[in-house]
Amino acid sequence: MAAMIEVKNLTYHYPEVAQPALDHISLTVEQGEWVAIVGHNGSGKSTLVRAIDGLVDFSEGEVTVAGIKLTPDSVWDVRKQIGMVFQNPDNQFVGATVADDVAFGLENAGIPRDKMIQKVDAALKQVDMAAFSDREPSRLSGGQKQRVALAGIIAMNPSIIVLDEATSMLDPHGRQTVMDVITKLRQSEKAPTIISITHDLDEAARAQRLIVVNDGQQLATGKPAEIFANEALLASSGLAQPFSTRLARSLAQQGSVHPDHYLSDTEMEDWLWQSHLTM
């Protein structure tokens, strides 16, 4: 597959801070891939995606997005490829209604009204919010607000969608609904490249690949099962193992038969149920 994002030797210092926020990071994200960048708060993961989007003026290195090398002259062309959903959806709303808010980016892009209406309707249907098109955003739940924010990105049809701690302020139900929307997007014919920024490993487990960042450095990359099995790596990164991994270890310590590979929470639930039936 073709590379959608290429980062080479990326380095950035915040003013008057000795420790680099990004320290010679190099990575590649393939077209259509779902990658989760994980690390504790302050590890550099959000700074990394902001650098890719041209929001951080890095001092050293090179970023290429969809074949476009990021420069001061090309930054707006790069940003057209990326849609970002941030932590607090309230900070993203600009419209008086849900439909108005989703239409905001399309209006700025000069999309004709008839096509704009079609795109807004289609985007709201994708996130199961069509019934709320005339609702005021302030009257929505946290999960609904984040789905509307995501609809605004979907309507613009970017090549890359970045979720920057987009579910960290949501309750478990809201978090699940947003992740379900991303899973549906991944199943579409022209699936966008997805980058999730999170410290929640249960959420990151849904990605195809993880990149572990700590103190501005990339420590490791691999499939979720590979990363979750490395207890020393997670501990050194300030990350806790997912619940299902901790449960499997506890079962092993009690002498119970347990899976010898990583299972998601749902898979662990199914395994426990099957094990109970065969006892």
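How many bridges join strand β3 to strand β8, and do the two strands run parallel or antiparallel? The legends below take up this pairing and its surroundings in a predicted model.

**View 1. Pairing of strands β3 and β8 in the predicted model.** Strand β3, which spans residues 34-38, is joined by five bridges to strand β8, made up of residues 193-198, and the two strands run parallel. Within this pairing, Ala36 is the residue that stands opposite Ser196 of β8.

**View 2. The open sheet of six strands.** The strands follow the order β6-β7-β8-β3-β9-β10, and their pairing is mixed. At the edges lie β6 (82-85) and β10 (217-222), each of which pairs on one side only. On average, and with direction ignored, neighbouring strands of this sheet are turned by 20° against each other.

**View 3. Helices α1 and α6 against the sheet.** Helix α1, formed by residues 45-52, lies across β3, β6, β7 (160-164), β8 and β9 (209-214), and runs at about 145° to β8. Helix α6, formed by residues 172-186, packs on the sheet and touches β3, β7 and β8, while its direction makes about 145° with that of β3.

**View 4. The crossing of helices α3 and α5.** The axes of α3 (residues 98-108) and α5 (residues 142-156) come within 8 Å and cross at roughly 35°, in a crossing that is right-handed. From α3, the residues Val98, Asp101, Val102, Gly105 and Leu106 meet Val148, Ala151, Gly152, Ala155 and Met156 of α5. The residues of this contact divide into seven nonpolar, two polar and one charged.

Notes: Residues are numbered from 1 along each chain as its sequence is written. This is a predicted model: local features need pLDDT of at least 70, side-chain atom pairs count only at pLDDT 80 or more; totals for chains, interfaces and linings use all residues. Side-chain values use heavy atoms; hydrogens and water are left out. Two strands pair if DSSP finds at least two bridges between them. Helices (H or I, at least four residues) and strands (E, at least two) are DSSP runs, numbered from the N terminus. Axes are lines fitted to C-alpha atoms, for helices over the stretch in contact, and angles run from 0 to 180 degrees between N-to-C directions. Contact means heavy atoms within 4.5 Å. A crossing is left-handed if the near helix is turned anticlockwise from the far one by less than a right angle, and right-handed if clockwise. Ala, Val, Leu, Ile, Met, Phe, Trp, Tyr, Cys and Pro count as nonpolar, Asp, Glu, Lys and Arg as charged, and the others, Gly among them, as polar.
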